[in-house]
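Biologist: I am new to this structure, and I would like to learn how to read its features one at a time. Could we look at the model together?

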Amino acid sequence: MYFERMQNSSFDAVLDQTLRFALDYLDGLEERPVGATVDLVELRRRLVKELNDEPMDAEAVVSDLVRDTAGGHLGSQGGRFFAWAIGGSVPAALAADWLTSTWDQNAAVYSCSPAAAVVEEVAGEWIKQVLHLPELASFALVSGCQMAHAVCLAAARHDLLARRGWDVEQQGLSGSPRITVFASNRHGSVERAVRLLGLGEANVIDMPLDVNEQLTPEVLESHFEGREGVPIILVLQAGDLNTGTFDRYQELIPIAKRHGAWVHVDGAFGLWVAASDKYRHLLAGFEAADSWATDGHKWLNVPYDCGYAFVANGDAHTAAMSHRAPYMVHDSEARDQMDWNPEWSRRARGFATYAALRQLGLQGVADLVDRCCRHAADLVAGLGELPGVEVLWKPVINQGLVRFLDPANSSDEAANDRFTDLMSKRLVAHGEAFFINTTWRGRRAMRVSVMNWQTNERDVARSIEAVRACLQVGVGC
Ligand SMILES: *Cc1c(COP(=O)(O)O)cnc(C)c1O
């Protein structure tokens, strides 16, 4: 009986209905508040239900889901969302992502989904081209930059220890030479990858940055001193989360190489400036690194989950990942994703990347990068012209920082910290634009991060007006 009931729920009706829900959602981004309008209590009140005993119609399930989650989504698909490092989805990528679920392929190996394997192979090659990465680098499409770090650092671990006669895949880490990870300006995902790989957070060493937020060759040299022969991973930054700064690869990588270190670049969003003639110079020398991690779901505007790992030495990469099970069918001609990826069964995430790259083209990716950088610069400059707004960091690329001075007591930094946090709350309540705060150089600051293909001049103007309104207490806030 239940089976019959489920069969009555045709795909037709529920997918038709879902298309309308999706378009309503997307069309509404322009006018709806960008932040969430319902709180935790309300979301739980709506969503925590007794799990039904009897089956439900698919249409009812989906319409309940839309109704019960309404107001609990952040408008990050729209043009006035400037928090964290979050992109939207270009239309072809969103559509391809729908089809990915429709086809429901297991993109583990070629034999399990031939089309997914070939699309992924092409997508990986295209990204290398867009990002000006070495043609021969190997790649993996993973869930995000976090897992890209894990894959790249697993390859690093393999290579550094193999060079010392230690087979880490077989022997594990107990008793192995200790790997030291130097990472000055790192995202927390680096630590998590280090932890997952058993390298130990205590072996991650911080290095001081100069006034430009960059690691200097002198500092790097001094940290390598006395560590001759020790296996070292150096993690460099391509686009710091707060300031969008880049490391000095041309000077730093040769030093690391002289010490036999593995150089990994975290370019979760920053790597995409390689697509732009205007900004590519920021990455000069980065191609000499050993591995690179980036995201599709940030600046390329592919839906979540989508990250990319690249490794110059493909042998180290596949040695760390590959596994051959007797019941799996491997095709020696084709590329089996499992040789490069940490997952077994996995989403065919190559489709969305392939679609995004084709929709944008090389020029479109370059234009997306240039446009976001321009909007970030205009937004920060526009905010800086408002009374009581201090610009802490003018965007180098698409990231800037501003601070709000307490009108009653602007010489008191603690009061300015509090006022900056109050402004962020007012802005969320106002609903026109969405930002979040950070602590930078010991002070509270509001981050301005622009990486959505939809953001335009009007969004920038509307967002500046929203901040102006929130600076005047009680005016719509
Ligand atoms: C977002 C981000 C990460 C983590 O990437 P996920 O895709 O969230 O796993 C790592 N590094 C930087 C600089 C980031 O911005």
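**Reading the pocket, the cavity and the helix contacts**

Modeller: Let us begin with the largest pocket, to whose lining helix 2 gives the most, with six residues. Please keep in mind throughout that this is a predicted model.

Biologist: How much space lies in the largest pocket, and which residues are the closest to its centre?

Modeller: The space in the largest pocket comes to about 990 Å³. Its lining is made up of 37 residues, and the closest to the centre are Phe21, Ala22, Tyr25, His73 and Gln77. If you follow the lining by element, those that give two or more residues are helix 2 (11–28), helix 4 (58–69) and helix 5.

Biologist: And how does the lining of the largest pocket divide by class?

Modeller: There are 18 nonpolar and 15 polar residues in the lining of the largest pocket, together with four charged ones.

Biologist: How should I read a cavity, and how many of 30 Å³ or more are there?

Modeller: A cavity is a space where the probe fits but cannot get out, whereas a pocket is open. In this model the count is one cavity of 30 Å³ or more, and the largest cavity holds about 40 Å³ of space. Its lining consists of Asp97, Thr100, Val302, Pro303, Tyr304, Asp305, Cys306, Arg347, Ala348, Arg349 and Ala352; by class, six of these are nonpolar, one is polar and four are charged.

Biologist: Which bond joins Tyr304 and Asp305, two residues of that lining?

Modeller: Tyr304 and Asp305 are joined by a cis peptide bond, with omega at about -5 degrees. To find the place in the chain, look at the loop between strand 6 (291–295) and strand 7 (307–311), where Asp305 lies.

Biologist: What is the phi of Asp104, and where does Asp104 lie?

Modeller: Asp104 is not a glycine, and yet its phi is positive, at about 45 degrees. You will find Asp104 in the loop that runs between helix 5 (91–103) and helix 6 (114–130).

Biologist: Now to the helices: what describes two packed helices?

Modeller: Two values are used, namely the angle between the axes and the distance between them. Take helix 6 and helix 13 (residues 350–384), whose axes cross at roughly 30 degrees and come within 9 Å. Since an angle under 35 degrees counts as roughly parallel, helix 6 and helix 13 are therefore roughly parallel to each other. Their crossing is left-handed.

Biologist: Which residues make the contact of helix 6 with helix 13?

Modeller: From helix 6 come Ala115, Ala116, Val119, Glu120, Val122, Ala123, Trp126, Ile127, Gln129 and Val130, while helix 13 brings Gly350, Phe351, Thr353, Tyr354, Leu357, Arg358, Leu362 and Val365. Sorted by class, the contact has 13 nonpolar residues, three polar ones and two charged ones.

Biologist: How do helix 7 and helix 9 pack?

Modeller: Helix 7 (residues 145–162) and helix 9 (residues 188–196) have axes 9 Å apart, at an angle of about 45 degrees, and these two helices are therefore oblique to each other. Helix 7 and helix 9 make a right-handed crossing, in which Gln146, His149, Ala150 and Leu153 of helix 7 meet Ser189, Val190, Arg192, Ala193 and Val194 of helix 9. That contact divides into five nonpolar, three polar and one charged residue.

Biologist: At what angle do helix 10 and helix 11 pack?

Modeller: The angle between helix 10 (residues 217–224) and helix 11 (residues 249–258) is about 15 degrees, and their axes are 10 Å apart, which means that helix 10 is roughly parallel to helix 11. The crossing of helix 10 with helix 11 is right-handed. Pro217, Leu220, Glu221 and Phe224 of helix 10 make the contact with Glu251, Leu252, Ile255, Ala256 and Arg258 of helix 11, and by class this contact has six nonpolar, no polar and three charged residues.

Methods:
Residues numbered from 1 in each chain as written. Predicted model: local features only at pLDDT ≥ 70, side-chain atom pairs only at ≥ 80, totals over all residues. Heavy atoms only, no water. 1 Å grid on protein atoms, 1.4 Å probe; cavity = no way out; pocket = protein on both sides within 12 Å on 5 of 7 lines; lining within 4 Å. Points joined across faces, edges and corners; volume = space filled by probe spheres on them. Nonpolar A, V, L, I, M, F, W, Y, C, P; charged D, E, K, R; others polar. Axes fitted to C-alpha atoms, helices over the stretch in contact; angles between N-to-C directions. Helix = DSSP H or I, 4+ residues; strand = E, 2+ residues; numbered from the N terminus. Parallel < 35°, antiparallel > 145°, perpendicular 65-115°, else oblique. Left-handed = near helix turned anticlockwise from the far one by under 90°. Contact = heavy atoms within 4.5 Å.
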